[in-house]
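Hi there,

Here is the structure I promised to pass along. My notes on what I found follow below it.

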Amino acid sequence: MALKYVVKKTTFGFDKDKAEKYVARPFNAVNVDFKTLCDQVTRVGFVPRGSVKSVLDGLIDSLKTYMEIGASVSLGEFGTFRPSFGCKSQDEAKGVTTETLKNRKIIFTPGSLLKGMIKTVSIQKLELPETEGNASGGGGNEGGGEAPDPTE
């Protein structure tokens, strides 16, 4: 297995300083939904699908509970989740209020197994047939279809 990429034309800069260049973008061939993920964990872990779904649902509820109080949650070798946000800068400390906060998000930092996998997985260029909307060899994250079975 290998990660695939496509070449996309991208515009950098603003107004007069615009420059069009080509960059590699990851190609996401498919989106794996929750049901498919539970089915795969069932096949790999020999645990009934209902148990897998219950554990994952409980995990999501627990992550929500802890992150609502600002906790960073470690899932061992899987990785760590932590809540975060950005803030508009202010000239004075008293200007920093909840109204200046923006971009609330959850940051996931992968654990050592996932970090090791992404560093060693091969990467291949995906050649897409040229079409009118794809003349630059582009493509992108258009997915669809059913998730491949990683055990095959």
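Leu114 is partly exposed, at a relative accessible area of 30% (buried means under 20%, exposed over 50%, and partly exposed in between, with a 1.4 Å probe and protein chains only). Before going further, please keep in mind that this is a predicted model, in which local features need pLDDT of at least 70 and side-chain atom pairs count only at pLDDT 80 or more, while totals for chains, interfaces and linings use all residues. Residues are numbered from 1 along each chain as its sequence is written, and side-chain values use heavy atoms, with hydrogens and water left out.

Leu114 belongs to helix α3, residues 112-120 (helices, H or I with at least four residues, and strands, E with at least two, are DSSP runs numbered from the N terminus). Setting aside neighbours within four places in sequence, Leu114 touches Phe78 and Phe108 (contact means heavy atoms within 4.5 Å). Phe78 lies 36 residues from Leu114 along the chain, yet their C-alpha atoms are separated by 6.9 Å.

Helix α3 gives the largest share of the patch, three residues. Leu3 comes from strand β1, residues 2-12, and is partly exposed at 38% relative accessible area.

Helix α2 covers residues 49-67, and its 19 residues should span 27 Å at 1.5 Å a residue, which agrees with the 27 Å between its end C-alpha atoms (the expected span is 1.5 Å times one less than the number of residues). Its buried residues are Val52, Leu63 and Met67. Seen down the axis of α2, these fall within an arc of 20°, so they line one face of the helix (the arc is that of the directions from the helix axis to the C-beta atoms). They pack against α1 (34-45), β3 (73-74), β4 (79-87) and β5 (101-110). On the other side of α2, Ser54, Asp61 and Lys64 are exposed.

**Salt bridges**

How many salt bridges does the structure hold? There are seven, each defined as a side-chain nitrogen of Lys or Arg within 4 Å of a carboxyl oxygen of Asp or Glu. One of them joins Lys9 and Glu20 (3.9 Å, N to O). This pair links distant parts of the chain, with Lys9 in strand β1 and Glu20 in strand β2 (residues 19-26), 11 residues apart. Lys9 is partly exposed at 42%, whereas Glu20 is exposed at 55%.

Lys35, Asp39 and Arg49 are linked in a network of salt bridges. Lys35 pairs with Asp39, the closest N and O atoms being 3.0 Å apart; being four residues apart in helix α1, they are separated by about one helical turn. Asp39 also meets Arg49 (2.6 Å, N to O), and that pair links distant parts of the chain, helix α1 and helix α2, 10 residues apart. Lys35 is partly exposed at 48%, and Arg49 is partly exposed at 31%.

Best wishes
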